[in-house]
Amino acid sequence: MRKLHDVSQRILALTAVAALFCSYPIAAKELNLPNYNTPIPEEVMTPDKVETSIGTLSFFDGLPDEDTVQKVYDNLDLIRATEVFLEMIPLASIEGLRRGMLSVGVDAANKIMLYDNLMDSNSLFLTGNTDTIYAIGFLHLGRDGPTVIEIPPGAGPGTLNDAYFRFVIDMGAPGPDRGKGGKYLILPPGYEGDIPEGYFAVESPTYVNWLPLRGFLVDGKTDVAVKMWSEGLKIYPLAKKDKPPALEVINSTGVYMNTIHANDQSFFEEVAQVIHREPLEFLDDELRGNLASIGIEKGTPFEPDERMQAILKDAAAIANATSRALAFRSRSDTIGVYGPDSAWFTAFDGGNYQWLKNDGKGGRNKDARSLFFYIATVNTPAMVLEMIGAGSQYALAALDSGGAYLNGADSYKLTMPANVPAKDFWSLVVYDPQTRSMLQTDQPYPSKNNERNRDMLVNKDGSTTLWFGPKAPPGKEANWIQTLPGKGWFLCLRLYGPLEHWFDKSWQPGEIEKL
């Protein structure tokens, strides 16, 4: 009873205190309580109507109406799909190469395409060259396991790239064998087995890997390099090292083949196939998240509905146009080889094969990566490192000296000053802006090479003038590359074994002058 009495007394006391407060109101300010009527800054508020590039967006007190919700989700999916296209160009390009090479019979590690008489314009191949003897293969480590590549002595630049076009290892002159030849062992992702001695061993992040190897002309001929690849190159699964299968060569000069990725909504189908084939971890969480947001996810069928198909079609068109602007009208301040007054630009904007800006302080330069893989193939440090007398260097031009696109109906000239800084040789190749492959004309090799084309006329001061147009100027046929009315074109300068005066820019090619 005593406890019950105590509780009753406390309740009565609290009631009296409450009554006292009610009888004598006290301002919130005097009690230091917050004021809930403070004004809200305008910049944090959402108006009832907002005009945007996707139309009028409507809200009730910040709550989007049904029409607005649909608009912003359509826009979000469009943004994500456009970004997926731009980010996945490297992946789709490797897949395009795989499909194209498969179409001509490259369906095993020991089968290669060999351009025995150089690559010509029949191959739809991103900025392929007419200068080196290509031997090109594909590895499928998921199918074959660890795979051996035996590189013969005397090989030129060779590289292995993974399914996202990332650098895996160099071979030949810029590789660890330094042109002396050697055995390379390519391990599949997550490999935990023993690694035998006597190999240059490296683990790839992906199952599919592209293997472009190059040999050089000797006295302007392909014979030496063709023999080197045909007789000295070996590619086989490590499991078959005691009895390796013989190399099978598919002579590819003059053979039609399309290795170019799609530029319409079927691009996303190509990407989905790679995602399902490769290990989950070969792309990071951010890239996988973007893919999954538009329905591309490993282990899940890619089945976009009618609404999403329309968005993917729109995204592909926008991203393709963006890629072309990046490639041919770049807004980058660092892409020009000789500054803003010259048309010559580098495909490796920023000079980093991993596309890192300012040594990574600026993150990944995604525009530079999209630009490169939209127009080019082969990713290796050898293309950006200052390797005097080794490797290769490149410069491209799509505009004339007046800043206009190059038109196949017009005539132009370009002068290469004397003492071109190339220990081995230099070349100029003309490309079609539609396919980013060699321009198809009456000339199967739309190029000039000072090693192969030894009949080129040289000026008295040691310079060489090249001519471009539908018809050759009289007496200049040896220095002429044909173009076509109704077609644009762009140009790539290659230096093999670049010398110091290329890197210090004391030597500079002329601009392309319209006649």
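Tutor: Four bridges join strand S8 (residues 158-161) to S9, and the two run antiparallel. Leucine 160 stands opposite isoleucine 169 in S9. Strands here are DSSP runs of E with at least two residues, helices are runs of H or I with at least four residues, and both are numbered from the N terminus. Two strands pair if DSSP finds at least two bridges between them. This is a predicted model, in which local features need pLDDT of at least 70, side-chain atom pairs count only at pLDDT 80 or more, and totals for chains, interfaces and linings use all residues. Residues are numbered from 1 along each chain as its sequence is written, and side-chain values use heavy atoms, with hydrogens and water left out.

S8 and S9 belong to an open sheet of six strands with mixed pairing, in the order S9-S8-S12-S6-S4-S14. Its edge strands, each pairing on one side only, are S9 (167-171) and S14 (248-251). On average, neighbouring strands of this sheet are turned by 20° against each other, direction ignored. For such angles, axes are lines fitted to C-alpha atoms, for helices over the stretch in contact, and values run from 0 to 180 degrees between N-to-C directions.

Helix H4 (residues 223-232) lies across strand S4 (111-114), strand S6 (133-140), strand S12 (208-215) and S14. Contact means heavy atoms within 4.5 Å. H4 runs at about 145° to S12.
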